[in-house]
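Please read them alongside the structure.

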Amino acid sequence: MAVDPVSRGTERGAISLEQRPDPLTGKLYAVPWWLLAVMGVLIWAWYFIFSEMSYRDAFEFIIQGIWITVVTTLSAYGIAMVIGLVMGLGRVSRNVVFRNIARFYVEVVRGIPMLVLIFYVAFVAVVDFAGLLGLDGRDIPMNIRAIIALAITYGAFSAEIFRAGIQSIGSGQMEAARSLGMSYGQAMRYIILPQAIRNVLPALANDFVAMLKDSSLVSVLAVRDITQVARLHAGSTFRFRESYTILAVLYLSMTLLLSAGVQLLERRLHVGHK
Amino acid sequence: MSATNDTIIEVKELHKHFGKVKALCGVSVSVARGSVVVIVGPSGSGKSTLLRCINHLEVETAGEVWVDGQRLNEKNKNINEIRAEIGMVFQLFNLFPHLTALQNIVLAQHIVRGRSKEEAEQVARQQLQRVGISEKADVYPGQLSGGQQQRVAIARALAMNPKIMLFDEPTSALDPEMIKEVLDVMLDLAKEGMTMVVVTHEMGFARAAADRAIFMDQGLIVEEGTPDQLFIQPVQERTKLFLSQILKH
């Protein structure tokens, strides 16, 4: 192996690693201690939840919100994917109007804090839009408004992911498709998007994990997700430690499981590409 | 290779600018139906741009391109129909990596030509056989050699039953031992009377198959004639210089 002059500086470090005398130390070095620590904390926390009366009471109360959390996350994510795909196509479109609308949407949404955007969408945009359709904005339940707000926010994030995915496909693919007589739309649908989406699948999946966490923000709209229910429990019983420990443990357990899923997905895609 | 007076491609005073770069500065070419034209020239001479203007992958800055009696222009709504009549083969093959060789050939027949899946598949298998790799039908492009990929790409273009085939340096990205298998397919095609415009530096192919050779430099046609005239007795100094450079090796 030729020695790259740039990496020569790190050579000494590499040798000292190899010279580690104790093979046991080497093995200990490779253990994912952080993961063991997280698992340890989680096991300890779950043990507590089911052995301590005060924790179990809190858990049974807070878990009532899990359905709202899951439904909010799933539906907001689904809508965000549709918005993201459409706006991502807009970002790369040659149509001036479409392209600028997409850019406007993405820049505005990304320039506003998510919390502020949730307030704005829920209390202003949805009400105004309902007014345009001749409805009374107050009739639209907060759960729905929360889902719309999250979807609009995450639509902008995923639009950028889709855009990056589309741009990651070489121009030769579009040219080959067009030279066969396909329209732009056909080339997108059959040639570009299948490859682009495959490339960004891990990024989209990561957004799902992020969405699960950010769904906790809907508690500011008094939507009874696990965060809101935990706040209620803490407020009425003054058991802050129990309530918020359980809340954190719930989120952490869900996100760790999902992240493991994302990693599995990444590995499978990687193998598939060969 | 009976070249008739029937013109299928007519390029008139074509200009193409990329910002400040002038890729084409007034090129006129006409190609007779059934004839084979080879374009040579140094890189940056505009030969690929000329080829890409013929199926409107590049839109001309000024001038006209006529294909089979139809003028190509930006407002042309039926550009997709015209393109379906013009097969194009690229230097880097540009096969669709997420589709098998067979699917690569079936897709456009099905969604552009409107052929049924069964019919398109039958045509695809015939074309694969013609280019000599029928056993690779269900293989993905990533598992094919460069020469095989390029042959699938030719089969994909031929399956549309085009009236014209454009080749943009089809063998430049290939390992030397694979060049022949692609050129053989192209030679057969020329013998069958396909109208072909080929950008290539393969002198052997040009002399065996081409009716006419064109030398381009700096966005202009410097010299044209039969391959033997152009390659053996060039008149222009620039042509001589270019030929001496590529024949040195």
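Leaving aside its neighbours within four places in sequence, which residues is Gln148(B) in contact with?

1. The model is predicted. In it, Gln148(B) is in contact with Ile133(B), Lys136(B) and Glu181(B), once neighbours within four places in sequence are set aside. Gln148(B) belongs to helix α5 of chain B, residues 146-158. Its relative accessibility is 17%, and buried means under 20%, so Gln148(B) counts as buried.

2. In chain A, helix α6 covers residues 96-110. Its 15 residues, at 1.5 Å a residue, should span 21 Å, and the end C-alpha atoms are 21 Å apart, which agrees. At the start of α6(A), the backbone nitrogen of Val97(A) has a side-chain oxygen of Asn95(A) within 2.9 Å.

3. Ala102(A), Tyr105(A), Val106(A) and Val109(A) are the buried residues of α6(A). Viewed down the helix axis they fall within an arc of 95°, so they line one face of α6(A). These buried residues pack against α5 (66-92), α7 (114-132) and α8 of chain A. Val96(A), Val97(A) and Phe104(A), on the other side of α6(A), are exposed.

4. Ile152(A) sits in helix α8 of chain A, residues 142-167. Apart from neighbours within four places in sequence, its contacts are Ile83(A), Tyr105(A), Val109(A) and Val121(A). Tyr105(A) and Val109(A) are among the buried residues of α6(A). Ile152(A) itself has 26% relative accessibility and therefore counts as partly exposed.

5. One distance for reference: Ile152(A) and Ala248(A) are separated by 96 residues in sequence and by 26 Å in space, C-alpha to C-alpha.

How values were computed: Residues numbered from 1 in each chain as written. Chains lettered and ligands numbered in written order. Predicted model: local features only at pLDDT ≥ 70, side-chain atom pairs only at ≥ 80, totals over all residues. Heavy atoms only, no water. Helix = DSSP H or I, 4+ residues; strand = E, 2+ residues; numbered from the N terminus. Buried < 20%, exposed > 50% of the residue type's maximum accessible area, 1.4 Å probe, protein only. Contact = heavy atoms within 4.5 Å. Expected span 1.5 Å × (residues − 1). Arc of directions from axis to C-beta. Polar contact = N/O pair within 3.5 Å; in protein donor to acceptor, adjacent residues only side chain to side chain.
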